Amino acid sequence: MNAKKWDHVASGVIYTLVAAVILILVAILGYILFNGVPDISWHFLTSPAQSFSAGGGIRDQLFNSLYLLVLTIIVSLPIGLGAGIYLSEYASDNWFTDLIRTSVEVLSSLPSVVVGLFGYLLFVIKLNLGFSILSGAIALTFFNLPLLTRNIEESLRSVPNLQREAGMSLGLSNWKTTTKIILPAALPGILTGLILSAGRIFGEAAALIYTAGQSAPTVDYSNWNVFSATSFLNPMRPAETLAVHIWKVNTESVTPDANLISSASSAVLIIVILIFNLGARFLGNKLYKKITATK
Amino acid sequence: MKEYNLNESYITDIPEKKALSTKNLQVYYGDNHAIFDANMDFPRYKITALIGASGCGKSTFLRCLNRMNDKVARVDGNIMYRNVDINSPKINVYEVRQHIGMVFQRPNPFAKSIRENIIFPLRNTGIKSNDELEERLEQSLRGAALWDEVKDDLNKSALALSGGQQQRLCIARSIAMHPDVLLLDEPASALDPISTSKIEETLQILKKDYSIIIVTHNLQQASRISDYTAFLHLGHIVEYNSTANVFTKPKMQATDDYVSGNFG
Ligand SMILES: Nc1ncnc2c1ncn2[C@@H]1O[C@H](COP(=O)(O)OP(=O)(O)O)[C@@H](O)[C@H]1O
Ligand SMILES: [Mg+2]
């Protein structure tokens with residue numbers, strides 16, 4: 001066979017594989033959305049869950065998921081940025097940085113159930129934080145930090161070294177070069193990574209079952225006092241998230257409309273994650289254009 | 001490759017005032033001894049060319065002169081600038097680099113607007129007055145022969161410029177700092193002939209105010225634009241003399257072979 005023919009065969013195989021991947025993706029998404037979307041209503045999104053009767057919603061779970069996401073990002077972004085900047089811009093390659101990189105890698109391959117149980121033993125029991133949003137946020141930070149750090153380090157590294165030399169040759173310090181030249185140039189990549197990781201956090205259940213808990217106590221959305229037990233912002237209250245809710249409804253719920261709730265919740269979850277993913281691309285591009293002043 | 005006696009060299013004493021001098025300069029990349037005992041004076045307000053085969057150490061030598069080899073290589077010896085040894089560990093390297101600017105082989109404008117490319121490093125040196133910043137912006141762009149092409153698009157991304165324009169922007173960015181010495185490492189090697197001749201013209205004008213040291217692998221370019229030429233071979237400065245002498249009356253066999261194309 002000649003090169004041209006081989007080329008044809010190879011392209012054919014690749015196209016087939018790509019088509020298979022897309023098909024699987026579309027099938028899963030289509031199934032979930034098709035089953036769930038018809039049951040999503042304003043009422044469903046804004047009313048509390050019911051334990052025994054039909055007609056419950058997911059108001060608290062949806063809020064808990066978002067709140068936990070925000071807290072997790074607030075905790076993990078500064079750490080990830082610090083570690084990523086250190087690894088990419090300051091650390092020289094030696095046994096110590098090798099150790100950090102290996103640890104990050106090991107941490108990133110830990111199953112989330114293990115992270116959850118570890119969080120349960122350490123934060124919930126030992127440190128007495130109880131089933132709480134705080135415990136959940138810390139567990140999610142453990143779960144999120146390795147990939148986030150990696151992503152930030154990679155984004156910074158992908159900025160050409162020529163840019164660092166330009167900064168150096170103009171008498172900028174290492175820190176100025178990093179923060180004013182390298183970081184802005186890497187920002188779109190970092191943002192994309194951050195939003196994608198937000199999707200992972202939002203859909204995470206296993207790490208939360210034993211840390212943030214499985215109950216959604218009724219909270220008062222007009223109570224802005226973070227320290228009040230009934231405030232929706234209180235980080236010490238247990239908080240069942242959307243993903244945990246889906247798991248719970250499917251395993252132990254006695255509501256007559258459990259099926260409906262689970263499929264509608266799944267659809268909401270998928271839609272939110274899709275919004276994150278598409279938003280990541282859009283914002284990343286937009287930001288890049290703004291920073292580089294290309295119109 | 002022909003063998004030459006690398007212990008012999010011809011290094012001229014320049015009559016001009018000195019912009020920079022190197023004394024017993026040695027550079028090591030780990031065990032690799034890349035520059036051997038470089039002793040030479042660079043004249044003020046002239047263009048000095050560094051020529052030699054690829055890998056002979058031109059870039060390595062040039063990058064020592066504003067401490068860009070810090071953390072990359074070990075540099076021993078002295079580099080005298082205004083009676084100060086700027087190769088001393090006590091020297092503030094950031095300040096050195098503000099006095100001795102550098103333009104690289106591949107254009108490396110920041111991913112910012114044209115204006116920001118020039119103004120941002122200036123602000124970093126403590127200049128706050130907008131008038132002064134704007135004045136330096138225009139002056140440096142004019143100096144790099146870029147003003148007429150970009151004066152209406154100063155807020156456009158520097159990345160949207162052509163390669164030749166980007167390189168002139170990098171020159172403008174360097175001269176906006178009002179350095180004494182400008183180091184250029186093959187600044188035209190990635191450019192087309194028209195951009196190249198624009199850059200050469202620019203350098204001719206700039207040498208009135210700056211001492212220029214330029215690495216080039218292009219012999220015609222060296223003979224066209226430079227006043228002095230140093231020929232490097234395997235990390236040794238084999239010959240340093242006025243450009244006319246290096247090209248027409250070389251003192252060393254290696255130089256003769258190199259400039260007449262019989263090298264290697
Ligand atoms: N960053 C570096 N690390 C290790 N060796 C280097 C580095 N840069 C250059 N060298 C070595 O130093 C020698 C001179 O290189 P260079 O100065 O780049 O030559 P030229 O600019 O004349 O082509 C070469 O042997 C090269 O392999
Ligand atoms: Mg070179």
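**Largest pocket.** I sorted the lining of the largest pocket by residue type and got 9 nonpolar, 6 polar and 9 charged. For that sorting, Ala, Val, Leu, Ile, Met, Phe, Trp, Tyr, Cys and Pro count as nonpolar, Asp, Glu, Lys and Arg as charged, and the others, Gly among them, as polar. This is a predicted model, where local features need pLDDT of at least 70, side-chain atom pairs count only at pLDDT 80 or more, and totals for chains, interfaces and linings use all residues; side-chain values use heavy atoms, with hydrogens and water left out. Residues are numbered from 1 along each chain as its sequence is written, with chains lettered from A and ligands numbered from 1 in the order in which they are written.

The lining comes to 24 residues, and E89(A), R164(A), M168(A), N174(A) and K71(B) lie nearest the centre. Two or more residues each come from α3 (59-90), α7 and α8 (174-203) of chain A and from α2 (93-99) of chain B. I put the volume at about 730 Å³. A pocket here is an open set of points on a 1 Å grid over the protein atoms alone, where a 1.4 Å probe fits, with protein on both sides within 12 Å along at least five of seven lines; lining residues have an atom within 4 Å of a point. The volume is the space filled by probe spheres set on the points, which are joined across faces, edges and corners.

**Second pocket.** The second largest pocket has about 370 Å³. I found 22 lining residues, with A49(A), Q50(A), S51(A), H245(A) and K248(A) nearest the centre. They divide into 7 nonpolar, 11 polar and 4 charged. α10(A) gives the most, 4 residues.

Helices are DSSP runs (H or I, at least four residues), numbered from the N terminus.

**Cysteines.** I counted 0 disulfides over all chains, taking a disulfide as a pair of cysteine sulfur atoms within 2.5 Å. C56(B) is buried at 5% relative accessible area, and C64(B) is buried at 2% (under 20%, 1.4 Å probe, protein chains only).

**Confidence.** Chain A has a mean pLDDT (the predictor's confidence in each residue, from 0 to 100) of 89, and 99% of its residues reach 70 or more.

Conventions
Buried < 20%, exposed > 50% of the residue type's maximum accessible area, 1.4 Å probe, protein only.
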